[in-house]
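Trainee: I'd like a close look at a single part of this model, with whatever surrounds it. Please pick one and take me through it slowly.

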Amino acid sequence: MNYEIRRQKREDCKDVVHIKTIAWNETYKGIVPDEYLANLYRNEDERLVRAYEKFEDDSIHQFVLEVDNKVVGFLGVGKSLEEEYPNIGQIYALYIINKYHGYGFGRKLVETGIKELKKIGFDKMIICCLEGNPTNEFYKHIGGNLVKTKPYKKFNIPENIYYYENI
């Protein structure tokens, strides 16, 4: 399997939107409402338009994972969005289609994210993950300390926050 992790380009937006749809449907079935998951397929075009409009080549901190020349995952990082954790980095999104789990791509994407966070001035980071998502185990395995569980407002289900010191 040949792979490459590279900075996202505007033309990758369609793949990224679709990967989020697939990954959410694979991961969150039985955790979030079925109607929400079904709507991800129905509103892909609308989300794609927003992704194109918001995309800025010079300030993007998002990367794609290509396996055999096909985009199968992505990662987004930046300044923490959590009020309790200001001035540290955050991995906002890490999605890989299930078929490509187990090959070490998640770890490689996290390493890419850490390099990017250091480049933009952060030495600590957090990752948030909904309870029930099997990726919680991965975040612990790569050194995350569970520091808080808070309600994820959109669905009123618990979301875990993992803290990483000295990234």
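Mentor: Let's start with strand β3 (residues 70–79) and β4, which pair in the antiparallel sense over seven bridges. For two strands to count as paired, DSSP has to find at least two bridges between them. The labels are DSSP runs too, numbered from the N terminus: helices are H or I over at least four residues, strands are E over at least two. Before going further, note that this is a predicted model, where local features need pLDDT of at least 70 and side-chain atom pairs count only at pLDDT 80 or more, while totals for chains, interfaces and linings use all residues. Residues are numbered from 1 along each chain as its sequence is written, and side-chain values use heavy atoms, with hydrogens and water left out.

So, which residue of β4 is the bridge partner of Val-77? It's Ile-91. Strand β4 covers residues 89–96, and seven of its eight residues are buried, so the rest of the structure largely encloses it. (Buried is under 20% relative accessible area, exposed is over 50%, and partly exposed is in between, using a 1.4 Å probe and protein chains only.) A general point to keep in mind: side chains in a regular strand alternate between the two faces of the sheet.

Now look at how β4 meets β5. Those two pair in the parallel sense over three bridges. Ile-91 stands opposite Ile-127 in β5, and Gln-90 has Ile-126 of β5 as its bridge partner. Helix α4 lies across β1, β2, β3, β4 and β5, running at about 155° to β4. Contact means heavy atoms within 4.5 Å; axes are lines fitted to C-alpha atoms, for helices over the stretch in contact, and angles run from 0 to 180 degrees between N-to-C directions.

Step across β5 and you reach β7. Six bridges join β5 (residues 125–130) to β7, and the two run antiparallel. Ile-127 turns up again here, opposite Tyr-162 in β7. Strand β7 (residues 157–164) has seven of its eight residues buried, so it is largely enclosed by the rest of the structure. Next comes β6 (residues 145–152), antiparallel to β7 over seven bridges, with Lys-148 standing opposite Ile-161. The β6 and β7 hairpin has four residues between the strands. Asn-156 is in that loop and has a positive phi of about 55° although it is not a glycine. With a relative accessible area of 63%, Asn-156 is exposed.

Asp-68, in the loop between β2 and β3, also has a positive phi without being a glycine, near 50°. At 46% relative accessibility, Asp-68 counts as partly exposed.

Zoom out and you get seven strands in an open sheet with mixed pairing, ordered β1-β2-β3-β4-β5-β7-β6. Its edge strands are β1 (3–7) and β6, each pairing on one side only. From one strand to the next, the twist averages 25°.

Helix α1 is also worth a look: it lies across β2 (62–67), β3, β4, β5 and β6, running at about 90° to β3. How do α1 and helix α2 (residues 34–42) cross? Their axes come within 9 Å and cross at roughly 160°, so the two are roughly antiparallel. (Under 35 degrees counts as roughly parallel, over 145 as roughly antiparallel, 65 to 115 as roughly perpendicular and the rest as oblique.) The crossing is left-handed, meaning that the near helix is turned anticlockwise from the far one by less than a right angle; clockwise would be right-handed. On the α1 side, His-18, Thr-21, Ile-22, Trp-24 and Asn-25 meet Tyr-36, Leu-37, Ala-38, Leu-40 and Tyr-41 in α2. Thr-21, which sits in α1 (residues 13–27), is at 0% relative accessibility and so counts as buried. Leaving out residues up to four places away in sequence, Thr-21 touches Leu-40, Tyr-41, Glu-44 and Arg-47.
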